[in-house]
Amino acid sequence: MLASLFKFRGGVKPASHKDESTQAPIARAPLPAQLVVPLRQSAGGTPQPLVSAGQKVLKGERIGAPEGSFSAAIHAPTSGSVRAVESHMLPHPSGLSAPCVVIEPDGEERWIERVPVNYATASPDALRDLLRDSGVVGLGGATFPSHLKLKPGAAGRIGTLIINGAECEPWITCDDLLMRERAGEIVRGIAILRHIASAERVLIGIEDNKPQAIAAMRAATAQSGDIEVVPVPTRYPAGGEKQLIRVLTGIEIPYGRIGPEFGVQCFNVGTARSVHRAIELGEPLISRIVTLTGNVERPGNFEVLIGTPIDELLTLAAPKADTDRFIMGGPMMGFTLPRTDLPVTKAANCILAASPALFPPQGPEMPCIRCGACTRACPAELQPHELYWFSRAKNFGKAQEYGIFDCIECGCCAYVCPSNIRLVDYYRFAKSSMRTLEREKAASDAARVRFEFRNQREEREKAEKAARLAAKTAAARQAIAGADKPAPAAAPTQATAGPAQALPQLDDAKKALIAAAIARAQAQKEGVQPKNIDNLTPEKQAEIREIEARRAQVREMAKTPPEEPV
Ligand code: SF4
Ligand code: SF4
């Protein structure tokens, strides 16, 4: 069945600049002197380090264990020694630092034992676990763990698999070269993804400005007649996940919902190849294809070990003297690197050298003239100028109401804005502020719950203590009364029971202790001997003898049961 194409709204057509880096085949980047492997390279938690300084590792050995099911494992990209597990700056717009494993390669490239798996005989659950443990994440840029994307959603199963070979962002060509040169590996990975998802239909979407990639993929899928290679019109951002799903199936996935809920899921071509290598070759994800392009002497695509310092990589492309900055990703969605001694991560699809000639500085921002160009260009059907006003005024509630989280940060609005407003920067600021506020609110809610719980616990402990004290006092009073006057033979109650029985709320051990103390007091009382009064005056001696006689009389009277009232 031939796929019919649908349109997505908006989009732009910037100059593609693809030819610069597609003239040479993919080359392998040399082994660097040191690899800095970030432990967190996907959505989800940060994997826990499994190695420590001084330890030897093999190529492909696990060095980071996935945290729960919401992250993917991290592996040593080569054999060597762990020099340190420490914090390093990552390639991120904020310049944030995170724990990394620093490996000094031994140059021997000694692999762990690689265990290929026949996917046809393995269960989907086992294969998903294997993908998590092999560190397979989306290589299109989002680095979402692939095993999570393969879970069937509310629709029950993923009926349609979309394979994303659109690569719509200007300058980037790593997927194009991968499809041209390694189409067979991609198709094997697609077969595994299809097996896990039980998908009936597979559509490979490739922008029509990549004829060689389209031809290579068609040749590779010729034997599997039900996989369809679909050229899609070149229009940025056709390679956005939601946009490609829309173009190939007509399905609109709203914000906050995911493809499997609609029976569809999307994987990048590089991810499909990694799936094949992880399952059928037993090789975890330790390298990726990176495009080096822009203002460089030797643009091209390189297979690069994760953790390779970007500045070592740049020597392969030879940036020109007037290069003034480096962008990770493309000019539309990428960000300027704060420094170049940062490591290549699984998200690094392109390093773009920029110069004033290639990317002339944007003019100063001018007031919004409400021309509506941004709204017409927005593929997410938002009103970018309204989002701009709300973000700028920090009116985050309104920004959310106007769907700021539907914004895919494609940059189309800023690209067409005649007022040079850096619209995406405002959205990123608003989104990160809202996420920070959310985190702070969650933290303060958790603190309040902890405080209330502690108060309740203290109140409960106070009440228990008071009850224990009251019981103890009652027991002591009862004991004294019981010592002077035996309890009636009637069934004991809380008020009339013996000392131990008067404390039903106390445990047996405590009752026994109280009873023993009372018995000792009683024995002492009964064994009281007359004091030695011989050295007192005769008058004093007579007085004391009289007091003793009266006390004895009272004790005798207390032993006699009271007369029944008439
Ligand atoms: S394109 Fe720029 S000037 Fe025009 S409405 Fe949008 S933000 Fe305002
Ligand atoms: S960056 Fe956001 S608001 Fe601007 S065009 Fe893209 S999706 Fe629309």
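Biologist: Which residues of helix α8 are buried?

Modeller: In α8 (residues 310-317), I310, L313, L314 and A317 are buried, where buried means under 20% relative accessible area, exposed over 50% and partly exposed in between, with a 1.4 Å probe and protein chains only; helices (H or I, at least four residues) and strands (E, at least two) are DSSP runs, numbered from the N terminus. This is a predicted model, in which local features need pLDDT of at least 70, side-chain atom pairs count only at pLDDT 80 or more, and totals for chains, interfaces and linings use all residues. Residues are numbered from 1 along each chain as its sequence is written, chains are lettered from A and ligands numbered from 1 in the order in which they are written, and side-chain values use heavy atoms, leaving out hydrogens and water.

Biologist: What covers them?

Modeller: The cover includes β13 (287-294), β14 (300-305), β15 (325-328) and β17 (350-354), contact meaning heavy atoms within 4.5 Å. Just after α8, A318 takes a positive phi of about 55 degrees.

Biologist: In what order do the strands of the open sheet lie?

Modeller: The six strands have the order β1-β14-β13-β17-β15-β16, with mixed pairing, and two strands pair if DSSP finds at least two bridges between them. The edge strands, β1 (27-28) and β16 (335-336), each pair on one side only.
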